[in-house]
Amino acid sequence: MFLIDCPYCGEREQSEFKAGGEAHIVRPKQPTELSDDEWAEYLFMRKNIKGIQFERWIHIHGCRKWFNVARDTSNDVIKVVYKMGEKPPTI
Amino acid sequence: MLNYTNVITEKKTYSGLQMDEIKPVMKLIIRGKKREFLSAIGKSLNLLLPTSANTSSKSEKLSALWLSPDEWMIYSNEISSPNNNHYETENLLNKNICKTNLGAVTDVTDQFVLINMRGDKIFDLLETGSPFNFNNFREKKGAVTQTILAKIDVIIHNQNQNEVNLFVRRSFSQHLFSWMNDSASRL
């Protein structure tokens, strides 16, 4: 269990949030022109690294807003929280 | 207010805590982002919507709770007529907000149940079932939060010293109220 600093509501407990997977995955502009492998790459393949990972989270039991989080997956330390649409910071 | 069979029928009293449902109270959810939306609400209701997080504002007749950067709940401070579910405030907002495409107004009077809690043990009870840190919240009059209580989504409005309004969805209200009674009896 850990605390997440919601950019809208402030610091709340993790159980109020839901994780939405890896952030900054861009949907291909022409999905019909992709091969099956390329489409599968976009749809299923995720980094799942040990270290700092950029993720999407939603404050589902609070303000119901999506935002991005840079979380160290090895110890759940959250480095940065930033809003949707913003570019990932360099860490 | 429609004629529902009410699940919370009696006022419960414990040492340092009283709980009962207040009904019928008009409740509206309003959503909008534009600056004109905020000023149109202000002009229509004579009530400024709170723009900073976790706060509320109050006029003589209405209270407005901040729920999200583009979402607020407005509820009436006094009980309304039990015989109909038409509200002047809703009609006014429909005319000034919805019809001008500034935002959305939804009547949630029958969706939410308002449980009024009074006494000095309110936060002792809430702390037994919520992950939210009430330390600063309890000191701030007018503070609002959406959080979880016994795994149920609730909106909590710190209305006054030792007086809290708690909003819960109707389908969860019976379970939550029985949990609250159980928990209050062990305080």
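Predicted model: local features only at pLDDT ≥ 70, side-chain atom pairs only at ≥ 80, totals over all residues.

**A look at B:Glu10 and beyond**

A: Happy to. Along chain B, B:Glu10 sits in the segment before strand S1 (12-14). B:Gln111 is 101 residues away from B:Glu10 along the chain, and the C-alpha atoms of the two are 20 Å apart.

The largest nonpolar core is built from 51 residues, and B:Ile30, B:Leu65, B:Trp72, B:Ile115, B:Leu166 and B:Val168 have the most contacts inside it. Strand S8 (residues 112-118) of chain B gives this core its largest share, 5 residues. Domain 1 (19-110) and domain 2 (111-187) of chain B each supply at least three residues to this core. In soluble globular proteins, nonpolar side chains tend to be buried together.

Leaving aside residues up to four places away in sequence, B:Leu65 touches B:Ser56, B:Trp72, B:Met73, B:Val144, B:Ile155 and B:His157.

Chain A has 1 helix and 6 strands, arranged along the sequence as β-β-β-α-β-β-β. The C-alpha trace of chain A spans about 45 × 25 × 25 Å along its principal axes. Of the 91 residues in chain A, 16% are buried. Among contacts in chain A with a separation of 6 or more, 49% join residues 24 or more positions apart.

Note on methods. Residues numbered from 1 in each chain as written. Chains lettered and ligands numbered in written order. Helix = DSSP H or I, 4+ residues; strand = E, 2+ residues; numbered from the N terminus. Buried ≥ 20, exposed ≤ 12 C-beta atoms within 10 Å, placed from the backbone. Contact = placed C-beta atoms within 7 Å. Core = buried A, V, L, I, M, F, W, Y, C linked by C-beta atoms within 7 Å. Domains from an automatic or database assignment.
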